[in-house]
Amino acid sequence: MNKIAGAHFQLERMANISMGKVCVTGASGFVASWLVKRLLESGYHVLGTVRDPGNKKKVAHLWNLAGAKERLELVRADLLEEGSFDDAVMACEGVFHTASPVITKSDSKEEMLDSAINGTLNVLRSCKKNPFLKRVVLTSSSSTVRLRDEAEFPPNVLLDETSWSSVEFCESIQVWYGVAKILAEKSAWEFAKENSIDLVAVLPTFVIGPNLSSELGPTVKDVLGLFKGETEKFTTFGRMGYVHIDDVASCHILVYETADAKGRYICNSAVLNSNDLAAFLAKRFPSFPIPKSLPNVYGEQTYGYNTSKIRKLGLEFKGVEEMFDDAVESLKGHGYLL
Ligand SMILES: NC(=O)c1ccc[n+]([C@@H]2O[C@H](COP(=O)([O-])OP(=O)(O)OC[C@H]3O[C@@H](n4cnc5c(N)ncnc54)[C@H](OP(=O)(O)O)[C@@H]3O)[C@@H](O)[C@H]2O)c1
């Protein structure tokens, strides 16, 4: 089949499959946009919530997605407004709750905690009102798993879904994003249990890959910084897991569609010390001023992730080469890298 015939066949297939309507909160964000793209390609009707649907700069990339004109709606909703998600959630049979502030500054504690924790409960209170809702998929984070005093980990420990980060530890190092994600996920589990909501959580590590929007989210800016020779962020990140954005979207859809999916799912491809990441990137992309090494501020870190739970559902992870190649191509495409 030639390329054009192939594309028509794909569109026809998409139009013929009726996959029901799902809500994606924070639809214009880095991760959510890719999820919306994959949901539309799978034949779903998507109702995306954004804070300002009229902001063309923020939503144009969503309207350019294949299937968007036929099966995408964007409506306004804010995590900090009680009941704001009622109408969107009421119209859907599934909810992907992805919206959350991702701010890496240490002075934004109140806003971060309020939007993440009360915002998640606000969305779940809307979910409780919809008797036809099948499942809620929450985008949590590996920050809810790995942030503990490393001295507590045995060497080379493989962290799995039973592991929880320590709120006290995050507070002691002022990582408010970690506190927010831990408390948001814990509150969500409690609320879902009390109200019989079918909840599944996806816990991605650091997400790498193409940026659909020409505006960059906070973590994409961090990656761009590293390619421009900035060392501070990735030095403070230390050892971290990395995952391709396409695998994160697939993971959300897989746990939504798999009837017996339950609980938390760590979504990670590879774990690297920041020093090894910098050395790998400097060698693979020699035209950028990436530092060949970074100061090791945390001493020996050896933890990894056991991802057998999601792999048992059939997810195969793309490698670090592909995720960074795709990220660089996209940053070049948007004119951020030459
Ligand atoms: N990026 C990563 O490496 C990574 C790793 C693990 C987990 N995650 C999780 O993935 C999710 C998306 O992150 P991202 O990297 O895609 O960040 P992002 O691009 O900044 O997207 C976050 C989204 O949340 C929305 N949001 C923030 N505050 C809101 C509020 N008060 N009301 C309504 N919407 C609000 C933002 O809306 P506006 O566009 O209006 O600002 C934005 O669309 C988050 O839950 C994050 O914790 C991300």
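This is a predicted model: local features need pLDDT of at least 70, side-chain atom pairs count only at pLDDT 80 or more; totals for chains, interfaces and linings use all residues.
Visitor: At what angle do helix α2 and helix α12 pack?
Guide: Helix α2 (residues 30–41) packs against helix α12 (residues 245–257) at about 60 degrees, and their axes are 9 Å apart.

Visitor: Which residues make the contact?
Guide: From α2, the contact involves Val-31, Trp-34, Leu-35, Arg-38 and Leu-39. The α12 side contributes Ile-245, Asp-246, Val-248, Ala-249, Ser-250, His-252 and Ile-253.

Visitor: How do those residues divide into nonpolar, polar and charged?
Guide: In the contact of α2 with α12, eight residues are nonpolar, two are polar and two are charged.

Visitor: Turning to the strands, what is the order in the open sheet of three strands?
Guide: The order is β8-β9-β11, with mixed pairing. The edge strands, β8 (206–208) and β11 (270–272), each pair on one side only.

Visitor: How do β8 and β9 pair?
Guide: Strand β9 (residues 240–244) is parallel to β8, and three bridges connect the two. Val-207 stands opposite Val-243 in β9.

Visitor: What about strand β10, is it mostly covered or uncovered?
Guide: Strand β10 (residues 263–267) is mostly covered, with four of its five residues buried.

Visitor: How many bridges join β7 to β10?
Guide: Five bridges join strand β7 (residues 199–204) to β10, and the two run parallel. Ala-201 has Arg-264 in β10 as its bridge partner.

Methods:
Residues are numbered from 1 along each chain as its sequence is written. A residue is buried if 20 or more other C-beta atoms lie within 10 Å of its own, exposed if 12 or fewer, and partly exposed in between; C-beta atoms are placed from the backbone. Two strands pair if DSSP finds at least two bridges between them. Axes are lines fitted to C-alpha atoms, for helices over the stretch in contact, and angles run from 0 to 180 degrees between N-to-C directions. Two residues are in contact if their C-beta atoms, placed from the backbone, lie within 7 Å. Ala, Val, Leu, Ile, Met, Phe, Trp, Tyr, Cys and Pro count as nonpolar, Asp, Glu, Lys and Arg as charged, and the others, Gly among them, as polar.
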